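Biologist: Please take me through the nonpolar core and the aromatic pairs. I would like one connected account.

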Amino acid sequence: MKIVFEDRDLEELITTGRNSKYKKYTRNAKFMKALATAYNYMRLVDAASDLPIRVVNGMVERILFREFDGGISITVLSLDDTHYGNKK
């Protein structure tokens with residue numbers, strides 16, 4: 001599947017493992033490994049319906065995307081830790 005990033009900071013985070021905007025997450029090796037795995041999985045599937053992605057079980061962060069003809073547009077990596085009733 002073709003992947004198009006709308007957030008260049010997110011693209012840098014996923015492809016290089018570093019980004020100043022997402023610095024908090026670059027220090028979490030478990031999260032970064034799972035993020036890379038999720039990204040690689042997205043590249044391999046044929047349809048967005050095959051992508052119920054949460055980056056790491058037990059963490060609230062998830063990849064949000066929309067599908068368009070010819071690929072997936074990754075719009076946001078939701079790093080908001082206040083959804084799903086998280087009481088942090």
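Modeller: First, a term: buried means under 20% relative accessible area, exposed means over 50%, and partly exposed is in between, with a 1.4 Å probe and protein chains only. The model is predicted, so local features need pLDDT of at least 70, side-chain atom pairs count only at pLDDT 80 or more, and totals for chains, interfaces and linings use all residues. Residues are numbered from 1 along each chain as its sequence is written, and side-chain values use heavy atoms, with hydrogens and water left out.

Start with the core. A nonpolar core is a set of buried Ala, Val, Leu, Ile, Met, Phe, Trp, Tyr and Cys residues joined through side-chain atoms within 4.5 Å. The largest one here has 19 residues. Phe5, Ile14, Phe31, Leu35, Met42, Val55 and Ile63 touch the most other members. Two or more residues each come from β1 (3–5), α1 (8–16) and α3 (29–44). Helices (H or I, at least four residues) and strands (E, at least two) are DSSP runs, numbered from the N terminus. Helix α3 gives the largest share, seven residues.

Now the rings. Rings of Phe, Tyr and Trp (its six-membered ring) pair if their centres lie within 6.5 Å; planes under 30 degrees apart count as stacked, over 60 as edge-to-face and the rest as tilted. The structure has two aromatic pairs. Phe5 and Tyr39 have ring centres 6.0 Å apart and planes at 35 degrees, so this pair is tilted. Phe5 is in strand β1 and Tyr39 in helix α3, so the pair ties together parts 34 residues apart in sequence. Phe5 is buried, at 6% relative accessible area. Tyr39 is buried too, at 14%.

Tyr25 and Phe31 form a tilted pair, because their centres are 5.0 Å apart and their planes at 45 degrees. Tyr25 is buried at 6%, and Phe31 is buried at 0%.
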